[in-house]
Amino acid sequence: MHGTTPTAVITGASSGIGAATARGLAAAGYRVVLTARRKDRIDALAAELTGAGHQAVAYELDVTDRAAVDVFALFLDDLGPVEVLVNNAGGALGTDPVATADPADWRAMYEVNVLGALHVTQALLPLWKTSPGTVVIVSSTAGLATYEGGGGYVAAKHGAHVMAETLRLELNGLPVRVIEIAPGMVRTDEFALNRFRGDEDRAAAVYAGVAEPLTAEDVAETITWAVTRPPHVNVDLLVLRPRAQASNYKVHRETSGD
């Protein structure tokens, strides 16, 4: 890190992994720039962090809007050097099979999980031509293996995974790290609920019997650890799952007899 306070940009910082990562990086000494569509959420988080003595800035942003992302990049130019970008904005919609899935859902997932990360990464890369930078892509174990009913989300997360791999190759020789964090089953307030369009029973069933799914804080601690390694250390791909999850489709679920 430089002598001045380093800055980290976190997309999708209004809840879940994004908000937890903002707290983790702020505690690690970063000035955090919180971006999300829900301004009230990131304003509240920025107030929480500044109240705790950290440096935080909230910026309302839809990462799928390229023009808005370009304006955001100009804002960052005025803010000062940015050292870290955490591409966390994403999400899943539905569990329909390929045969009956709504193409609009696939498009929406691709736009936020892949193109959103592309927009922000492209906008910030010029900052790191001569100074060190770190790009984090929060993908998923869905980006490494498929499962029934996950086609659209799996395709999007495979896209995010491949983008990280390709970017690392293309930036080789520049002072930029590309880190991919691929979580498995993470229980957050909104991920499954959004996937099932507000159906609380279906969302709860995802985690039924799983004693300890990962938490947003578990993933945030991992991201913070990877980012704060010495500049020459690149964590190419880190997969983390709860102990109960051996793969995307093998999960130990406890019953009353266990």
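1. Threonine 141 sits in the loop that joins strand 5 to helix 5 (helices, H or I of at least four residues, and strands, E of at least two, are DSSP runs numbered from the N terminus). Its relative accessibility is 4%, so threonine 141 counts as buried (under 20% relative accessible area, 1.4 Å probe, protein chains only). Beyond neighbours within four places in sequence, threonine 141 is in contact with Ala182, Pro183, Gly184, Val239, Arg241 and Asn248 (heavy atoms within 4.5 Å).

2. The model is predicted: local features need pLDDT of at least 70 and side-chain atom pairs pLDDT 80 or more, while totals for chains, interfaces and linings use all residues. Residues are numbered from 1 along each chain as its sequence is written, and side-chain values use heavy atoms, without hydrogens and water.

3. Helix 4 covers residues 103-124, and its end C-alpha atoms are 30 Å apart, in agreement with the 32 Å that 22 residues should span (1.5 Å times one less than the number of residues). At leucine 115 helix 4 bends by about 35° (the angle between axes fitted to the seven residues ending there and the seven starting there).

4. Buried residues of helix 4 include Asp105, Met109, Asn113 and Val114. Among the elements covering the buried residues of helix 4 are strand 1, helix 3 and strand 4.

5. The largest nonpolar core has 34 residues, of which Val32, Leu34 and Ile223 touch the most other members (a core is a set of buried Ala, Val, Leu, Ile, Met, Phe, Trp, Tyr and Cys residues joined through side-chain atoms within 4.5 Å). Another core, of 26 residues, lies apart from it and includes Leu61 and Val176.

Definitions and conventions. Buried means under 20% relative accessible area, exposed over 50%, partly exposed in between (1.4 Å probe, protein chains only).
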